[in-house]
Structure formats: C-alpha cells, structure tokens
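I opened my notebook to look up two chains, one after the other.

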Amino acid sequence: MSKAMEPDLQTPLGRTSGQVGKEWSHPSNHWLRGFVLDNRASLGTLAVFIVMMAVFMIANPTVFTTWYLYSSVLTTLPVALFVVVPLVFVVTCGEIDLSFPATMGFASWVFALVVQAGYDPFLGIAAAVVTGTLLGFLVGSLVVYGGLSSLIATLGMNFLLRGLIQIINEGKSTSLSSLADSWAYKIFSSQFWGIPVQIFWAIAFVVFAALLYNRHRFGAQVKVVGDNPDSAKQMGIDVKLVRVKVFVFTGIGAAIAGTFSVMINFTWWPTAGDGYLLPVLASVFVGGTPTWGGIGTVVGGAIGAVTVSFIQTGVVAAGLSGFYVQFFNGLIIILSLLGHKWNQARYR
Amino acid sequence: MGERIIELRDIKKSYGQVYALGGVNLSVDRGEVVGLIGDNGAGKSTLIKILSGVVKPTSGDILVRDKPVNGWSAARSRDAGIETVFQDRALAVQQTIVRNIFMGRELTGSMGWLKVNKEIEEASRLMREIGFTSKVFTPHSIVGQLSGGERQGVAIARAIYKQAELIILDEPTTALSLTETAKVFHFVRQVRASGRSILFIGHNIHHVFDIADRFVVLDRGKVALTADRSEVKSAEDLINFMEDVAHPGGLPGLHDGAEQRA
C-alpha cells in the first residue's frame with residue numbers, strides 16, 4: 001500500500017484551531033476535537049457497531065426489543081472480554097498469543113478439579129489464576145528467552161496443552177452441579193436485576209486494563225517496546241521482561257475467562273476455550289489495534305468484542321439462516337480493517 | 001572557559017591489529033561547543049563510543065572534572081553528566097513527545113501509576129529550555145508527525161532531562177533540510193546558553209563551522225588540528241586544511257594555531 005493513500009491526519013486538522021497567545025496550542029486544545037483525535041480508533045469501532053446494529057434492527061425490529069437477546073450476549077461476552085483485553089497488550093507489544101484457548105481450558109480444568117474435590121470454589125479460582133500465570137510465564141519465556149516466533153510457538157503451545165488435556169481426560173467432561181449453591185457462583189455468575197452479573201466484572205476488568213494501558217508504567221513500556229525495541233533497550237527498559245509480562249497477563253486473563261465459562265455452564269469440557277480463538281483475535285483487530293505494534297486501544301478492543309458477539313446473535317435474530325453468520329463475520333472484519341486503515345496513519 | 005568537564009589523554013583503541021584511535025587528546029569545558037570533524041574512518045564514532053562508555057579504550061586516561069576515573073562504563077558516563085544523542089536518535093515514532101522524553105524513566109507515583117500531569121509539566125519545561133516550542137504541536141503530539149529537526153529536538157530534550165552537563169550530538173544534521181538544520185542549531189545554542197557543553201560531530205564542515213566555539217579535526221585516528229574559532233577565518237579554511245591533511249601540503253596559519261593550543 002502506498003504512503004500516498006494514507007491520509008495526512010495533521011494537515012487538515014493541525015492548522016485550524018491554533019489559539020494565539022497560548023504557548024502550547026494544538027488541535028486537541030478543544031476538548032471534543034482532542035477527544036475524537038485521541039480516540040479515533042475506538043470511536044471508529046463504535047461507529048461500525050452502531051451501523052451493524054441499525055441494519056439488524058431494520059431487518060427485524062421486534063426481535064431486537066426483546067431482552068432475551070441481550071441477556072444471552074451478556075452471558076457469553078464477558079468470557080471473551082477477559083482475553084481480548086490482555087491480547088491488546090500482546091499485539092501492542094509486537095507479539096501474538098494463540099495459546100490462550102488452551103490456557104483457558106487448562107486453568108478451568110484446575111478449577112474444576114479443585115471444586116470436584118470438595119474445596120471452596122474461591123480456592124478453585126485462585127488455583128486457576130495461578131495456573132494461568134504459570135502457563136503465561138511458560139509460553140512467554142519460550143517465545144522471549146527461546147527466541148522463537150510468537151505466532152508459531154504459541155500455536156504449538158496451544159496444540160500441546162490442548163492435547164495434554166485430551167490425553168489425560170480422554171475426552172470426558174466434568175459436571176460441577178455443586179457450584180449452583182456456592183457464594184462464588186452468586187458473586188460471579190448469578191443475575192442482578194435480570195442482568196448477568198459477570199458483565200459487571202468484565203467491565204471492571206476492561207476499565208482496570210484501560211488504566212493500566214494508558215496511565216501505568218507497564219502500558220507505557222509495552223507501547224515503547226512494541227514501537228521500537230532497540231531504543232527501549234538503549235533507554236534502559238528490560239525489553240525481554242516486558243514481553244514476558246504481556247504473556248503472563250494473557251495467561252491470567254485466559255484463566256479468569258475459562259473459570260467464568262465453566263461457572264456459566266456448571267460443566268467443564270476438555271474443549272473449553274477452543275471456540276474463542278478466532279472471535280477473540282478478530283475482536284482485537286476489529287477494535288482498531290493495528291498488527292504492527294506500538295499502538296492499540298483497550299476500549300476499542302472491548303467494543304470490537306461486543307460487535308463480534310452480536311454478529312451471530314444478530315444474524316439469526318434478523319431472520320437470516322445460520323449460514324449467513326460466517327459471511328457477516330468476514331464482512332464486518334474486512335469493513336472494520338478498511339475503516340481503520342483510512343482512520344490511522346502509520347508513522348515510521 | 002570554565003571548569004573542565006571531561007578530558008581524554010592519549011586514548012588508544014585497537015581492534016585486533018587495526019588502530020582506530022592512535023593517541024587522542026580531547027577536552028570539553030563547561031559551556032563550550034566543540035565541533036568534531038573528520039572523514040569517514042577517521043575514528044569519530046569510536047571516540048563517541050568511548051566518551052559515552054559504550055566502548056572501553058585500549059589505553060589512555062579519562063579525567064572527569066580533572067579527576068582520573070577507573071572502570072569507565074556507560075553508567076559511569078551518565079553519572080558524570082554525559083548524555084549521547086546517537087545518530088538514529090532512538091525515538092519511538094508512534095508515541096507522544098512526553099512518552100519519548102520519559103522512555104525508561106517514567107515519572108510514577110505509588111504502584112507504578114504515571115504522574116501524567118507532572119510528566120507534561122516537565123516535558124514542557126525541557127522543551128522551552130531548548131526553545132522547542134510551536135503553535136502546531138504539544139507534548140502530546142506524536143513524534144512521527146514531527147520533522148527531522150523537531151525529532152532531533154525531542155532527543156536533545158530527553159538528553160538534558162537528567163541535568164546533563166555534556167551532550168554529545170552524533171551527526172545531528174545528517175539528512176536534514178536547511179530549515180531543520182537551523183532548528184537544531186537553535187536547540188544547540190539554547191543548550192549552551194543554559195551553561196551546558198556540547199560535542200557536535202558532523203560530516204558537513206559548514207554546519208560545524210557555524211555552531212562550534214572550537215574545532216577538532218580527526219584524521220586516521222589522530223587529532224590533526226585543534227583550533228579556536230578566532231583562529232579559523234572561514235569554513236573554507238577548514239576544508240582546505242582537511243584536504244591538506246589528506247594530501248600533505250600546508251596551511252601555515254592553521255598549523256601555528258594548532259601548535260599553540262597543544
């Protein structure tokens with residue numbers, strides 16, 4: 001793609017609102033324009049989502065006024081959010097992690113084992129998070145210290161861990177009916193005024209991660225490492241450690257996501273997490289985080305996840321057959337990428 | 001001139017059989033701009049690497065404020081107040097000016113949360129100090145939107161942040177347009193006005209001539225000439241001299257100056 005096709009974002013906006021007399025003035029001096037400029041990726045994603053929903057609603061107005069539709073999306077969406085958000089960090093850092101589905105399965109397996117053994121589910125959650133942390137560290141160390149391509153190495157780890165789960169369990173699932181009476185279920189997975197409570201936890205996680213990304217040393221270093229690892233090193237940043245940390249973060253997120261998915265279904269399947277690989281990756285990029293690293297948006301990724309999870313429900317609810325789901329998935333992804341391409345210039 | 005910030009005495013550096021530096025004497029005083037000139041392969045880069053502590057000399061003494069130092073290293077060099085702006089500038093171009101200035105030394109409060117306002121305040125102060133202000137951009141601007149000269153300004157602002165006393169600028173005007181070069185000169189003059197010293201390394205003799213108080217010409221690993229600005233009439237003099245060094249002949253006036261200095 002030629003450089004000339006990318007719009008120069010500065011010239012049209014850069015000269016217009018310079019307030020004379022103030023030492024620093026900039027297009028972003030006007031709060032609204034600044035807000036739009038700083039958040040154009042996530043706002044673009046929001047626009048895609050709104051247009052998509054409008055199309056669905058025009059196609060079938062009645063279904064979209066029923067609460068059930070939203071309730072079902074709000075039950076499954078949180079699981080995706082817990083992995084989409086850490087993946088934004090990974091992609092910003094210039095890496096990719098395809099091993100999170102297996103980590104979800106592995107960590108939730110540990111959760112299931114602890115609960116099945118009669119311990120409190122809270123202990124199970126703690127065990128799952130520890131498992132996720134360790135697996136994230138293992139995958140991260142393999143990529144960073146082993147000097148492997150994260151694309152291939154994490155793909156390999158995904159098969160390896162999933163295979164391990166299947167071998168040991170011989171494909172058998174674990175039922176956890178005792179969960180329904182536990183405090184952990186009430187706090188993490190029940191309903192509150194008809195709203196699935198896990199969405200509140202997911203939103204809290206997104207807000208925390210957005211702060212971590214924009215207002216914390218970790219986020220700042222992740223962006224710099226993804227942008228220019230050589231200069232980050234020259235300026236005294238431990239580049240390898242930062243890279244390992246983003247994989248650990250994904251491991252933790254995947255563990256939480258896996259645990260939530262088990263709590264929703266009261267059952268652990270050896271395939272737990274498998275179906276999330278492609279929707280979650282699509283969410284990150286639909287959300288406006290570019291593939292080349294250095295920049296990204298956590299909130300955009302979250303909106304991307306909402307968009308992707310509404311596609312399937314929306315297509316069916318709009319009266320189209322299930323065959324259309326994949327087609328619309330692809331259409332939304334391509335349109336979003338074209339939009340972001342136009343929306344953000346890449347600086348070198 | 002005031003206090004002597006750093007002095008190199010008879011520095012030699014060899015890579016195997018090859019001598020990159022064969023006994024170089026160089027000193028920088030407080031508040032002066034020293035221009036280091038030399039052809040490709042004259043040993044400029046090696047000298048910079050030694051000053052910034054990246055490379056250790058084979059032999060010779062390094063004196064910081066007239067005191068000899070042992071175990072010279074990159075950390076020691078920075079402790080001594082020497083900051084180097086390398087040729088590639090080491091900027092993360094998709095990040096803001098603030099993020100680049102505080103790269104690797106973010107201002108954080110408890111738990112590692114950024115002190116965003118403090119960082120902006122400090123960045124503004126640093127940029128003002130080198131006269132790097134504009135109506136078009138703020139500390140929040142993305143470095144990739146800046147011109148080459150402005151990017152050099154970000155790198156210089158980052159270098160002076162830790163009360164650096166000597167800033168080494170490695171080819172800061174290479175690949176810059178005339179106006180951008182003027183900008184860099186402006187920054188350099190501001191840094192000098194604030195009482196700091198600069199070692200300005202350049203290919204382009206005209207650039208170095210415009211900015212430096214003192215010239216050091218390096219040739220094949222040796223100092224071929226040290227001259228104060230008053231001793232050199234024009235950039236052409238310097239160019240003639242360098243050609244002379246390459247093809248022996250002579251510029252008597254300049255040689256006298258060099259001998260007096262030594």
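**Ground rules**

I am working with a predicted model: local features need pLDDT of at least 70, side-chain atom pairs count only at pLDDT 80 or more, and totals for chains, interfaces and linings use all residues. Residues are numbered from 1 along each chain as its sequence is written, while chains are lettered from A and ligands numbered from 1 in the order in which they are written.

**Chain A, overall**

I looked up the helices and strands, which are DSSP runs numbered from the N terminus (helices H or I, at least four residues; strands E, at least two). Chain A has 15 helices and four strands. Next I checked the radius of gyration, taken over C-alpha atoms, against the globule rule, 2.2 Å times the number of residues to the power 0.38. Chain A comes out at 21 Å, close to the 20 Å that the rule gives for 348 residues, so chain A is as compact as a globular protein of that length. Its C-alpha atoms fill a box of roughly 70 × 55 × 35 Å along the principal axes.

How many of the 348 residues of chain A count as buried? I call a residue buried if 20 or more other C-beta atoms lie within 10 Å of its own, exposed if 12 or fewer, and partly exposed in between, with C-beta atoms placed from the backbone. The share of buried residues is 45%.

I then turned to contacts, meaning two residues whose C-beta atoms, placed from the backbone, lie within 7 Å. In chain A, among contacts between residues at least 6 apart in sequence, 76% join residues at least 24 apart.

**Chain A, the annotated stretches**

I looked up the UniProt record, an unreviewed entry. Its positions are given in the numbering used here, feature names are shortened, and annotations may be inferred rather than shown by experiment. The record's "transmembrane region" annotation covers several stretches of chain A, including 289–311 and 323–342. I compared these two with the model. Residues 289–311 are 61% helix and 0% strand, with end C-alpha atoms 20 Å apart. Residues 323–342 are 95% helix and 0% strand, and there the end C-alpha atoms are 30 Å apart.

**Chain A, helix α6**

I checked the length of α6(A), residues 121–144. The expected span of a helix is 1.5 Å times one less than its number of residues. For the 24 residues of α6(A) that gives 34 Å, and the end C-alpha atoms are 34 Å apart, which agrees.

Which residues of α6(A) are buried? Among them are A:Gly124, A:Ala128, A:Gly132, A:Gly136 and A:Gly140. I noted the rule for such spacing: an α-helix has 3.6 residues a turn, so residues three or four places apart point the same way. The cover over the buried residues of α6(A) includes α5 (100–116), α7 (150–169), α8 (183–189) and α12 (239–265) of chain A.

**Where A meets B**

I found 28 residues of chain A in contact with 26 residues of chain B. On the chain A side, α1 (10–14), α10 (217–227) and α11 (229–234) each supply at least two residues. The largest share, six residues, comes from α10(A). By class, this side has nine nonpolar, twelve polar and seven charged residues. Here Ala, Val, Leu, Ile, Met, Phe, Trp, Tyr, Cys and Pro count as nonpolar, Asp, Glu, Lys and Arg as charged, and the others, Gly among them, as polar.

**Chain B, overall**

Chain B has nine helices and ten strands. Its radius of gyration is 19 Å, close to the 18 Å from the globule rule for 262 residues, so chain B is as compact as a globular protein of that length. Buried residues make up 46% of chain B.

**Chain B, the sheets**

I counted strands as paired if DSSP finds at least two bridges between them. Four strands form an open antiparallel sheet in the order β2-β1-β4-β5. The edge strands are β2 and β5 (67–68), each pairing on one side only.

I traced B:Ile6 both ways. Its bridge partner in β2(B) is B:Val28, and in β4(B) it is B:Val64. B:Val64 in turn has B:Lys67 as its bridge partner in β5(B). Nine bridges join β1(B) to β2(B), and five join β1(B) to β4(B). In the hairpin of β1(B) and β2(B), B:Gly16 takes a positive phi near 65°.

Last, I looked at β6(B), residues 82–85. β6(B) and β7(B) pair in the parallel sense over four bridges, and B:Glu83 stands opposite B:Ile167. B:Ile82 and B:Thr84 point one way, B:Glu83 and B:Val85 the other, and all are buried.
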